[in-house]
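I opened the notebook today to go through one model, site by site.

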Amino acid sequence: MILSQISYLDCVAFLVFLAPQLLIHVGIIRTVSWLSGALPSLLLQVFVIPYQFIQERYMTPYERRSPFVQRATVFQDIVIRCVRYAFAFMPAWLGRVFFSKGVSLPFLRFRMLRHGIVTSPLRWHEIDRRGVRGIWIVHSQLEQPDVIVYYCHGGGFSMGSSYFYMEFLLAWVSLLREAGFRNPALFALEYTLVPDATYPTQLQETLAGYEYVLSIAQDSSRICVGGDSAGATLMLSFLLYITDHPELRHQRPGLAIMISPWVTIVSRNNRNTSSDFLSSNSLEVYGRQYLGSKVPADDPLVSPGNCKDLTKWRDASPEKGWLFLFGSEEVLGPETRRLISLLKSANVQVESEEEPGGIHAWPVASLYLGETKDERLHGLRAIVKTTRNLLN
Ligand SMILES: *[C@@H]1O[C@H](CO)[C@@H](O)[C@H](O)[C@H]1NC(C)=O
């Protein structure tokens, strides 16, 4: 099931689903008191965002526009401007409602209905056992999967849910099937968000999730671990963790897919760019909340980019290697490039696709915001192609 681009009608529907959830989860008093405090700035944005949009898109010569604006459609440009504003100025407790189950699932149902689909051809169900929560998607319940993707979503550790990624995840499994896998499956982990818990809770949950996936997989080399942004951080931490744990090291996954990974939580190399919607300041705030008060920011298990030990990275590498997808304009780009070259000097199999003009998590975001089917599926097709080539 691959739906079309998000429309303006979808955006309205999203807000309609969001409003009651805000009231339930944040409460009317907190919502209204934040709103009243933020109102002057919000109202200002009603003018500033369209002004900057017109200024940068129509009054600036093409070559002086930011690389993202050069390639973005009007719709993509507007959405990313709003996201940039939200990321810089909205508190996480508010942002977290946006991508929660209560908003994402009705939104998906709405989009499916708009396409005339009542039940998804691929079924999913929720897993909640022995401390592991998540979503399980499989082509056929009755057969053993021949590949299992184990996925962690992004959202700065404080936001996001697998439900918000459902369209992306369903499309991933469909494409794996199209590419010739007999019975592809995917497990998306629901980990505890900050501030309900900080590191190492999320890493422990990632480990427990892997044990769960192992209990289903007949062969760990058929497992492909993956994540975007903070979800990719968790996978990197997990892979470093198993280097010191022989029982897991002998059951390491076959492949790792890193989409716009947040390699180093606090780094001077994470710098604002003219295109990306992330800001270095907000990233650091989110990052430090994840670290909590007891863990040093340079501990490689919490912030994997701090590990410079080639032997460790060789041991951490999945059997068939890595695939990195990221954008040339990312705030997180410099640290990602550093890790890729480190892995290459450790003689590990690494493929990477750096998208020109690309911003954070575009392989995920473009599934929703892409204009054409090719643009929407670009990232997933690259992932599936590599999976096909390496896991066979
Ligand atoms: C980065 O961008 C944000 C807005 O997106 C801004 O508030 C912040 O001051 C910028 N940081 C630096 C170091 O330029």
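The entries below follow the order in which I looked things up.

**Ground rules.** I am working with a predicted model, where local features need pLDDT of at least 70, side-chain atom pairs count only at pLDDT 80 or more, and totals for chains, interfaces and linings use all residues. I number residues from 1 along each chain as its sequence is written, and side-chain values use heavy atoms, with hydrogens and water left out.

**Entry 1: the ligand.** Which residues are around the ligand? I found N272, S279, S280 and N281, counting a residue as near if one of its heavy atoms lies within 4 Å. I then looked for polar contacts, that is, pairs of N or O atoms within 3.5 Å (within protein, one must be able to donate a hydrogen and the other to accept it, and residues adjacent in sequence count only if both atoms are side-chain atoms). N272 has a polar side-chain atom 2.4 Å from an oxygen atom of the ligand. For N281, a polar side-chain atom lies 2.8 Å from a nitrogen atom of the ligand. On its own the ligand has 370 Å² of accessible area, and the protein covers 46% of that (Shrake-Rupley method, 1.4 Å probe; for residues, only the protein chains shown count as cover). By class, the shell has no nonpolar, four polar and no charged residues. Here Ala, Val, Leu, Ile, Met, Phe, Trp, Tyr, Cys and Pro count as nonpolar, Asp, Glu, Lys and Arg as charged, and the others, Gly among them, as polar.

**Entry 2: the second largest pocket.** I used a 1 Å grid over the protein atoms alone: a pocket is an open set of points with protein on both sides within 12 Å along at least five of seven lines, a cavity is a set where a 1.4 Å probe fits but cannot get out, and lining residues have an atom within 4 Å of a point. Points are joined across faces, edges and corners, and a volume is the space filled by probe spheres set on them. The second largest pocket has a volume of about 480 Å³. It is lined by 24 residues, and R96, S100, K101, E190 and L193 lie nearest its centre. Two or more lining residues come from each of α1 (8–25), α5 (92–98), α6 (101–114), β1 (123–129) and β2 (132–138); helices (H or I, at least four residues) and strands (E, at least two) are DSSP runs, numbered from the N terminus. The lining has seven nonpolar, nine polar and eight charged residues. Why does this pocket lie between domain 1 and domain 2? Domain 1 (8–97) and domain 2 (119–390) both give residues to its lining, so it lies between them; the bounds come from an automatic or database domain assignment.

**Entry 3: cavities.** I count two cavities of 30 Å³ or more. The largest cavity, about 60 Å³, is lined by S104, F107, L108, Y163, F164, M166, E167 and Y368. Its largest share of lining, three residues, comes from α6. The second largest cavity holds about 30 Å³ of space, with M1, I2, L3, E167, A171, L367 and R376 as its lining.

**Entry 4: backbone.** Most residues other than glycine have a negative phi, and most peptide bonds are trans. A cis bond joins V194 and P195, with omega about 10°. Another cis bond joins Y199 and P200, also with omega about 10°. I place P195 in the loop between β4 (184–189) and α8 (201–216), and P200 is in the loop between β4 and α8. F157 has a positive phi near 70° and lies in the loop between β3 (147–152) and α7 (166–178).
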